[in-house]
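Please look over the sequence and the model shown here before reading on, and keep both in view.

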Amino acid sequence: MRLTVDHTPKVPAEHERITSLGGLVSPLGPTRHLPSRRAAEPPSRPAAQPPSRPAAQPHARISLVQVSRGRVHGILAVSRAFGDLEMQPYVSAEPQVTVVSLTHEDTTVILASDGVWGGLSDDEAADIAHAQPDAQRAADALLAEVVKRGGRDNASMIVAMWKSR
């Protein structure tokens, strides 16, 4: 069960909060062609020769992606965060608080940064964590999966696990 909402400038209430304070949320960017694998660097040429485009690598794949701007002042992809003092008052550290009653079926909490949730769905993260015998191994497995999927953002997390009654 998800306990929070991702606080990004794309969420209408967050967008309104930021702009009502005089802040700017950059719009979505264009669709771009991006290589899914980094091609090898071409050998350097002597300065007298004009640079040319490297030949396409047979194994390199090109993907179409929507480049998401949606950032506070074109910089920050989240609208609530600790730190980033230069972005206040547009980026707030005020938390969203949710109170829930746990049941005997609840055994795990994953508190993680957007670097984790940007690469894993809630269900995927829960499945990975529940397949592990303890919280440390669950956190290690979650991080390994984020890295395996190409995650490059800050992937911080706390995993708490307890036995059901």
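Predicted model: local features only at pLDDT ≥ 70, side-chain atom pairs only at ≥ 80, totals over all residues.

Residues are numbered from 1 along each chain as its sequence is written, and side-chain values use heavy atoms, with hydrogens and water left out.

The chain has four helices and four strands, where helices (H or I, at least four residues) and strands (E, at least two) are DSSP runs numbered from the N terminus. Read from the N terminus on, these elements follow the order α-β-β-β-α-α-α-β. Of the 165 residues, 22% count as buried, a term that stands for under 20% relative accessible area, with exposed meaning over 50% and partly exposed in between (1.4 Å probe, protein chains only). Among contacts (heavy atoms within 4.5 Å) between residues at least 6 apart in sequence, 66% join residues at least 24 apart.

Ser-79 lies in the loop between strand S2 (62-66) and strand S3 (108-112). Is Ser-79 buried or exposed? Ser-79 counts as buried because its relative accessibility is 0%. The side chain of Ser-79 reaches the backbone nitrogen of Thr-8 at 3.4 Å. Leaving aside neighbours within four places in sequence, the residues in contact with Ser-79 include His-7, Thr-8, Pro-9, Tyr-90, Val-91 and Ser-92.

Two packed helices are described by the angle between their axes and the distance between the axes. In this chain, the axes of helix H3 (residues 122-130) and helix H4 (residues 135-148) come within 8 Å and cross at roughly 135°; axes here are lines fitted to C-alpha atoms, for helices over the stretch in contact, and angles run from 0 to 180 degrees between N-to-C directions. H3 is therefore oblique to H4, since angles under 35 degrees count as roughly parallel, over 145 as roughly antiparallel, 65 to 115 as roughly perpendicular and the rest as oblique. On the side of H3, the contact is made by Ala-125, Ile-128 and Ala-129, and on the side of H4 by Ala-138, Ala-141, Leu-142 and Glu-145.

Helix H4 is also the place of Lys-148, which counts as exposed because its relative accessibility is 65%. The C-alpha atoms of Lys-148 and Gly-119 are separated by 9.7 Å, although these residues are 29 residues apart along the chain.

Definitions and conventions
Polar contact = N/O pair within 3.5 Å; in protein donor to acceptor, adjacent residues only side chain to side chain.
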